[in-house]
Amino acid sequence: MAERDRAVHRIPEILRDAGWTVCLVGEEQSGKLAQVTAGLRRGPDPSGSGKLITSGFSYWGLESTVAWAHACNDLYYPVMRESIASFSRRWRGLSERLPDGPLHYVSLGPGTGQKDQALLRSLDSRGHCGCYLPVDVSAEMLRLAQREALQHLHVPPADVLPVQLDFSMPANLDRLGTLVRSTVGDDPVVYSLLGNTLANFDSDTQLLTLLAEKLLRPQDRFLLEVASTAGQDEVAARAAAQEYENSPRFREFVTSALLQYTDLQIDMNSLTCEGLVEDDRALLIKVIYRNRTGAELELTLPDRSTVRFPDQDTIRLLLSRKYTRAGLEKMLVDARVTTVGETHEAGHTSFDRPAFGMTLLLLAKGDGVRPDGPNPFD
């Protein structure tokens with residue numbers, strides 16, 4: 001036992017070599033592959049509501065990670081590129097609203113790590129930087145994010161703990177909450193869900209509610225970044241979809257999952273981005289691959305089984321949203337969180353492009369009880 005303890009204690013020294021990355025794997029990875037297969041086995045649906053690759057698995061694997069990093073730098077993909085470029089400025093408007101004293105940072109879905117670097121740098125400049133725990137379903141994405149986030153920063157290796165975990169599952173959130181509390185004790189934690197990641201989930205309000213219930217304590221804060229829209233009509237929906245469709249790098253990214261999980265020969269002309277109006281809460285964007293061959297195809301899945309892919313059937317590759325103000329406020333009320341601070345940056349607006357933007361919210365746990373009377377946003 002003593003020998004084992006000494007080996008564990010040597011790890012921070014070993015990690016001074018940048019070629020090493022320690023990663024805590026929080027779930028059985030073979031089960032994740034079964035989830036991918038189940039999504040691709042769903043029945044035919046020409047509307048894009050049948051077969052799908054669920055959120056998170058679009059980024060799972062080396063090819064998808066590299067393709068995502070390239071998409072984030074694509075001049076034709078303003079959604080993410082402008083979000084990264086303006087993050088430091090938007091974050092400065094909120095950083096003064098953080099609790100005093102040491103702060104630990106848990107990044108849910110750290111992406112390329114550029115935003116995490118901006119946040120860690122601001123915490124370090126105030127002497128508030130504690131532990132850094134990036135959390136993602138993809139080990140490759142964690143390694144990419146950690147390398148970028150810690151570049152030119154002097155964060156001790158012992159204070160960095162990447163966690164490979166699907167944080168959209170309630171049981172995993174229970175385990176993550178236990179891990180964080182065991183690591184930091186009663187010190188406050190800043191959690192983040194950036195890059196409009198929340199919008200990629202079918203049950204976005206349910207996920208935000210789970211994150212708040214299972215992770216947040218009164219002393220903690222939650223940094224949420226979402227895409228926003230001032231208009232909500234069919235013209236705005238088409239414009240929102242066009243932002244994704246215009247980017248060659250984004251198209252390569254979303255089809256990388258099909259290359260990884262099926263034997264489908266990709267035809268980029270079969271990829272479409274469809275914009276819809278989702279009640280009064282958001283513009284909904286579906287990225288869909290449609291069989292336009294005129295014949296039924298047979299797909300081989302990772303477990304070597306096959307599934308029918310009829311003519312005009314679809315596979316949904318990605319889901320996203322741009323939220324209205326009313327839709328965002330209703331979601332926060334339903335998730336029982338309160339807004340501590342907010343910054344908003346409108347994107348480039350012209351006569352042929354609606355007013356889209358990015359909203360950054362610093363949230364705290366609510367009192368767990370809905371306000372008296374009906375929800376004013378219902």
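Helix H9, which covers residues 234–245, has twelve residues that should span 16 Å at 1.5 Å a residue, and because its end C-alpha atoms are 16 Å apart, the helix agrees with that expectation; the expected span is taken as 1.5 Å times one less than the number of residues. Helices (H or I, at least four residues) and strands (E, at least two) are DSSP runs, numbered from the N terminus. The model is a predicted one, in which local features need pLDDT of at least 70 and side-chain atom pairs count only at pLDDT 80 or more, while totals for chains, interfaces and linings use all residues. Residues are numbered from 1 along each chain as its sequence is written, and side-chain values use heavy atoms, with hydrogens and water left out.

Which residues of H9 are buried? They are Ala236, Ala237, Ala239, Ala240, Ala241, Glu243 and Tyr244, where buried means under 20% relative accessible area, exposed means over 50%, and partly exposed lies in between (1.4 Å probe, protein chains only). These buried residues pack against H4, H10, strand E8 (271–278), strand E9 (282–290), strand E12 (314–323) and strand E14 (356–365), contact being defined as heavy atoms within 4.5 Å.

One of those partners, H10, runs over residues 248–261 and has 14 residues, with 21 Å from its first C-alpha to its last, close to the 20 Å expected at 1.5 Å a residue. H10 bends by about 30 degrees at Thr255, the bend being the angle between axes fitted to the seven residues ending there and the seven starting there. Thr255 is itself buried, as are Phe250, Arg251, Phe253, Val254, Ser256, Ala257, Leu258 and Tyr261 in H10.

Another partner of H9, helix H4, comprises residues 78–95 and packs with helix H5 (residues 114–125) at an angle of about 5 degrees, with the axes 9 Å apart. That angle makes H4 roughly parallel to H5, since angles under 35 degrees count as roughly parallel, over 145 as roughly antiparallel, 65 to 115 as roughly perpendicular and the rest as oblique; the axes are lines fitted to C-alpha atoms, for helices over the stretch in contact, and angles run from 0 to 180 degrees between N-to-C directions. On the H4 side Met80, Ser83, Ile84, Phe87, Ser88 and Trp91 take part, meeting Gln114, Lys115, Ala118, Leu119 and Ser122 in H5.

In the loop between helix H3 (62–71) and H4 lies Cys72, which counts as buried because its relative accessibility is 3%. Leaving aside neighbours within four places in sequence, Cys72 is in contact with Met80, Arg81, Ile84 and Thr112. The C-alpha atoms of Cys72 and Gly111 are separated by 9.5 Å, although the two residues are 39 apart along the chain.

Val340, in strand E13 (residues 337–346), counts as partly exposed at 26% relative accessibility.

Two loop residues remain. Asn196, in the loop between strand E6 (189–193) and helix H8 (204–215), has a positive phi of about 60 degrees although it is not a glycine, and at 4% relative accessibility Asn196 counts as buried. Arg304, in the loop between strand E10 (297–300) and strand E11 (306–309), has a positive phi of about 75 degrees and is likewise not a glycine, but Arg304 is exposed, with a relative accessible area of 68%.
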